[in-house]
Each structure stands twice: as C-alpha cells, then as structure tokens.
Number of protein chains: 2
Amino acid sequence: MADVARLAGVSHQTVSRVLNESERVSSETRERVLAAMTKLNYRPNPTARALASGRSKTVGVITFDTPLYGPASTLFGIERAAHDAGFFVSVASLRSLDMPSLISTSDDLRRQNVEAILVIAPQREVAQALTQLPHDLPVVAVEAGPAEGVPVVAVHQFEGAAQATRHLIELGHETVWHIAGPGDWLEAVDRVDGWRQTLEVAHARVPKLLVGDWSARSGYELSADLVRDPGVTAIFAANDDMAAAAISLAHRMGFEVPQDLSIVGFDDTPVATSVWPSLTTIHQPVAAMARAAVDLVLEEVHRARHGTGTPRQLLHPHTLIVRESTGAAPPPEGTDAPGDDGPPHDGGP
Amino acid sequence: MADVARLAGVSHQTVSRVLNESERVSSETRERVLAAMTKLNYRPNPTARALASGRSKTVGVITFDTPLYGPASTLFGIERAAHDAGFFVSVASLRSLDMPSLISTSDDLRRQNVEAILVIAPQREVAQALTQLPHDLPVVAVEAGPAEGVPVVAVHQFEGAAQATRHLIELGHETVWHIAGPGDWLEAVDRVDGWRQTLEVAHARVPKLLVGDWSARSGYELSADLVRDPGVTAIFAANDDMAAAAISLAHRMGFEVPQDLSIVGFDDTPVATSVWPSLTTIHQPVAAMARAAVDLVLEEVHRARHGTGTPRQLLHPHTLIVRESTGAAPPPEGTDAPGDDGPPHDGGP
DNA sequence: GTGGGCGATGTTAGCGATCACAAGCCCGTG
DNA sequence: CACGGGCTTGTGATCGCTAACATCGCCCAC
C-alpha cells in the first residue's frame, strides 16, 4: 500500500480512501491511484483490514455434519450468494446439538471476526438455543422452523405437508399414513401437524403416526407394517429417502406403485427422479433460500450501524411436484379389476 | 492481552509465549498467566495473530457448486478434521472449471491468508490447472485422479472399476456394459479404463461405451437401449444415481433385477440402499479421505519451514459392497427357463 | 479584506498479536 | 573474582490497514 501511495504521489490514507470508495477523493487523484494499483498488481490485505476496522467481509456458517441433501446444498448456495456480495465464507460444524456446542461453535466464528452468522440447523434444540446467542452479531437461521426473535428463512413446512396430504385425499384415498422425521426436528414436527390437520379437515381418520429418522433404512422398516396392510393405500413420507424406501419395499412385496399404493415424498432431492416410479414430492427452493438468507443477513449487517429493525421471517414457496408415484385410490377390496396390472393373469405361461 | 499481562504481572510478550506454548516460560509464570486469562475470559484474536505472524490457522477449500454426494460429504469431512486440528475452514466455490477461475478463486483464499488449500475437483481441467498454481502454498487435491506434482488423496478408481467389472464376469456374465461419467472427469476416465482392461483380460467382448453426465436422467436415457437388448445382462454404471436409474428403467420395461439384468453402481451413496433391489456398488471411504487430506496438507504446512518433501499421493482402499442388484447371469437365450421373459419363444414350458 | 465553510489530502495513532533482539539472573568454571 | 552461557523475561518495532483529527487551499459573503 505504501508503494502504491508513493507511486501515485499521495498518502497511504488516500489510497485507503480509494479502496473504500469514499467520495472524498477527486476523480483525478482516484485515477492516478487506481493506475498505480494496477501497475503494482496491488491487492489489499483483508486480514489487516479486518484488524483495523473490525469488519472482515466474512460470514460464518454453522451447520452440522450430515450427508443429508438439504443442508449440503444450502451451504453451497450460501457460498455462492456470499461470494457474489464480496463476502468470504467460513464454515464450522456443530459437534452435537446442544446449547454448549452451539455457543462454542459460534464463538469460534466470532473470534474469526465474522460479521454475521448463518445457521443451518433444523433441529428444535438448536433453534431454541439460537435465541440465547449473544445479540452482538446478526444471526439468521436457514431451513429452520420459525423461532422467536431470530430471523428465519424457510419454507412453510406445515403448508407443504398439507398440500401433499390434500393431493392424496383428492385422488380418492380414504386416508393417508405418515412416516415422519425425528421428533427433534422442527421440520418433522411441522410436517406432522400439516398432515394431521389436513386429515381432520377432510374428516378422514388419522392413522397411527410412524416416526423414522430420515434414513432410507428407517423408511424401509417402518413401511413394512404399512405395506402388508391392504387398508393402506397412501403414504406420505417426510422426506424423499424414506419415500423411496417405501417404494422399494412395496415392490419387493409384490405391490405396484401407484396402482396399489400411492407414495409422496418431501424435498425433491435427486433421489426423487432416480427411483421408479419417480416420486411425487414437495419441492423446496433451496438455492433461492440460501440467497435470501445471505441477503437478509447482510442487510442486517448494514443496518447494525443505524437503528435496529425487527427480525424478519422469510417464507419461501414450496411446490407440489406430481410425478408417477401417486395415483387414484384402488377400488375397495372386493372388486379388483383395473387394467393397469400388466398383462392379464390368464395369458401367461 | 495487555490486561492479562497486567493482571499476571508480566509483559505482553510473556503472555504471547504462553499462548504459543513456547517452552521458555517457567511453569510458575505460566500458571499465573493462565489464571489471568481464565479470570478475564481472554480469547486471543486470530485476526491479529494472522496479521502479525502470517499464520492464520485457516485452510481454504476450493470446491464447485454441485449437488453431487461426494464433494458435499468430503467438504464436511474436511471441516471436521480441520477443526480437530485447530484450524478454521474457509470455502470458495469455483465458478467455472477453467484455469482463470481456479486462479482467481485460489487468490481469494490466498488473500484471506489461508495456510493451505484443499481442492475438491475431480475434473480433468481443474486437475491440470492445479499444477500451474503458485507453489507458495501447500495444495492438496481430494478425490481427484493423480496429477503430476500435486499431492492427491483419492481411491484407485481404476481398481474399483476393475473390481466391479470382475464381480459381474465372475457371476457368469459374458460381458459388461458400462455407463460412464462425463469425459472431462478424471474419475470417469479411470473407471472406463478399469472396466475396459478387465474385459480385455477376461477375453470378453468390449461393448460400445455409453457416456452419461452422472445424473439419474442420463442414466435413464442411456439404459433405454441396453435394457431393450436381450443380449445385455450386466451393466456397470459409473455412479449410483445412474445405476439406480437403470434399475428403474428395467422395472418399468418389465424386467427383473437381478434375474434378468445385474447392475453395479459406484460411490455407495445413500441412494444405493434406498432403491430396490439395493445396489451392489463400490464404496469409497469419503470421511477417511477427507481426514487424510487435512493431515497431509497440515503436514505440508509444517514442513514448509524446513526442507521440502516430495508430493505424496495417498490412495485409499475401495470396497466392493455386494447387495441385491447383482446375480448370476440368466441362462443363454435358447434354453430359457425363468418365467420372467413373458411368453417363451419356443412354444411354452 | 477577512472570516467561515467545505472539499481534498496528510498526519498520527492505534487494531492485537508476533518477532528480533536485548537484558537480567543464576550458575559453573578457569 | 571475573567471565561466559543458559534460562527467563522485557522492549520496541512491525504486520497492513483504517479512524480520527489536523491541515491546506479555495471560494464566497459580509
């Protein structure tokens, strides 16, 4: 920087002003400085800037170590959006889901001088702990259920689940079974609520709730009971993996989807299109949410110098994507007819 | 820090020495300083340390924006390992796969004072560009094919593909079709080579190569031709998504897996267990690789002060995981026995 | 003509650590 | 007894930048 100043014949402070786009520099001087910077291939040192100004142009992301599709792609979306805004991204992953872990992780980031923190943590405990975090740094939760006092970017899980359930009811199914996610996930809870209330509104019986852990394995095990039961014609799984597992199991036990059983997933992950029949599911605009979260948190950073605003909750639209895993309810037990079952049984070898 | 020094009755430099675990501090003094730090809840400021020492305790990760399972879980693995080593992680994603993009991304990180860079970029172009990166910073490639002059942590793709192919040959299949990944991915190329050479060694015919783009969709489209052809009894897809799609398509067209068609995938992603029948596939120890990559790069950082060592390539073991999608080859055409083919050509059983 | 205001630039301190070197102390040795 | 050397500790500069205030012209109005 000193070199640039010398070459441009100005003081280092003027160079700094050019760097920070202060208006108080004559355009002539600015040109000279810029030329010098180019010539010397000068690059400002963010570390020094961070030390001097307290601003690091970095946002921290707290996430947790999981192979789940949602969090991973959210992280990439955040990186992209932050980069576009000229910010760096520092990630830290949660060791466990308790309060101390959250605090210590956020301290790590804080000490790195991040200007804001984005939390990708859909678990109830984390969402609660969030409200306890020191308020000196803007914090935004992504993909979390609404939490008091903390800005959130998410989709309306309740509505999504309701729409999925409604879809099945409208296809003529008497009721819909639900394979839920773990009870400590906000999303899981909201989806259960959406499912239940929709059934109630439709005056449908509310079957026993099955609770999985998002994994295909759990979906597999839980659907075993369901598939065996001829009364079960429609399943709404709380994510695509469990839904895909239910399809697998149905096939294995000799049933056809959707002729015998309709299945709906949630998330619209790649799995949804790689199974057969492809999954009807609820799409969440992950990339858009990530971008919105970054916008929101940077807005907050900007505002931190002026007045305080109220935390906002940004709800993004979900979309029901109807693919092949859902269809009309099979006719009641006795009858048995539909031509969809493949070649009539009597024609074969 | 000044406060700590004052409280402990020492100079700031002594505090610094305690912080850096220098041996040149008497244990008595150290105790006093530590006590003062605890009492004041003192936390060193990494930014200042980075500025003064040039060491930031941060590693940069360059990845690219993709929903693929491998890169995402590698990133988390890296974070975990780095954190355990007391390092922060800063991520930057590649805009495009060309050289300028790589340079500029690495410059971003470099300017952040990262001490090393990990690159998750399995594309050939990126691997090549890596060798051009300035050598002032340790660079390690993860999940990339071996590239000259750059340390690499990966599994032996060639061997993995060979093992998958051999598995099918040993089950009695005359030959194995291959749905490859895009030609600009090193992994894809190596897997093709492994497949081809194994066939040649077994004196099996090498069928026409099909090239997909990792997506389920491409797997779907490409397997259409294969599944129709009764001569095709075994398919090795270069990743699980494409393999799962092939299974879907086979089902859709009325074939059974593995009775009519055996299918092997690669990667052992969650998809592998959520489809039916579950996929036989090649497992890659992603987490272990991530950890190894961090170890390697930190070792390099450490060594940077002393002599220079030779770049290492760390090859991790893959594992063939036999699940349900592979089985013995169906008996040759004429004989025909399983009732699955639909009406037998020769007049019935 | 002179004081005030304003835009452009320079000067001097830090930010919070580390580094290089110097200094004090205690001990053993010639 | 003086000197050298190993430990431990302290001093001042420095990393590259920004913040706050000082300074310098210049133009305008009374």
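This is a predicted model: local features need pLDDT of at least 70, side-chain atom pairs count only at pLDDT 80 or more; totals for chains, interfaces and linings use all residues.
**How chains A and B meet**

- Chain A brings 48 residues to the contact and chain B brings 51 residues.
- Together the two chains bury about 4,600 Å², and carbon and sulfur atoms make up 58% of that area.
- On the chain B side, Phe76(B), Arg95(B) and Trp276(B) provide 16% of the area buried against chain A, more than any other three residues.

- Four salt bridges are found across the interface of chain B and chain A.
- One of them joins the side chains of Arg95(A) and Glu79(B), at 3.8 Å from N to O.
- Twelve residue pairs are in polar contact between chain B and chain A, with both residues at pLDDT 80 or more.

**What the chain B side is made of**

- Several elements of chain B each supply at least two residues of the side that touches chain A, including strand E1 (58-64), strand E2 (88-94), helix H6 (99-111) and helix H11 (240-252).
- The biggest giver to this side is H5(B), with eight residues.
- By residue class, the side of chain B that touches chain A holds 24 nonpolar, 16 polar and eleven charged residues.

**The surroundings of DNA strand D**

- DNA strand D has 28 residues around it, and the closest are Met1(A), Ser16(A), Tyr42(A), Arg55(A) and Thr29(B).
- Of the atoms of DNA strand D that come within 4 Å of the protein, 61% belong to sugar and phosphate.

**Polar approaches to the bases**

- Arg17(B) places a polar side-chain atom 2.7 Å from a base nitrogen of DNA strand D.
- From chain A, Gln13(A) has a polar side-chain atom 3.2 Å from a base nitrogen of DNA strand D.
- Ala52(B) takes part through its backbone, where a polar atom is 3.5 Å from a base oxygen of DNA strand D.

How values were computed
Residues are numbered from 1 along each chain as its sequence is written. Chains are lettered from A and ligands numbered from 1 in the order in which they are written. Side-chain values use heavy atoms; hydrogens and water are left out. Contact means heavy atoms within 4.5 Å. Buried area is the accessible area (1.4 Å probe) that two parts lose on being put together, summed over both. A polar contact is a pair of N or O atoms within 3.5 Å; within protein, one must be able to donate a hydrogen and the other to accept it, and residues adjacent in sequence count only if both atoms are side-chain atoms. Helices (H or I, at least four residues) and strands (E, at least two) are DSSP runs, numbered from the N terminus. Ala, Val, Leu, Ile, Met, Phe, Trp, Tyr, Cys and Pro count as nonpolar, Asp, Glu, Lys and Arg as charged, and the others, Gly among them, as polar. A residue is near a molecule or strand if one of its heavy atoms lies within 4 Å of it.
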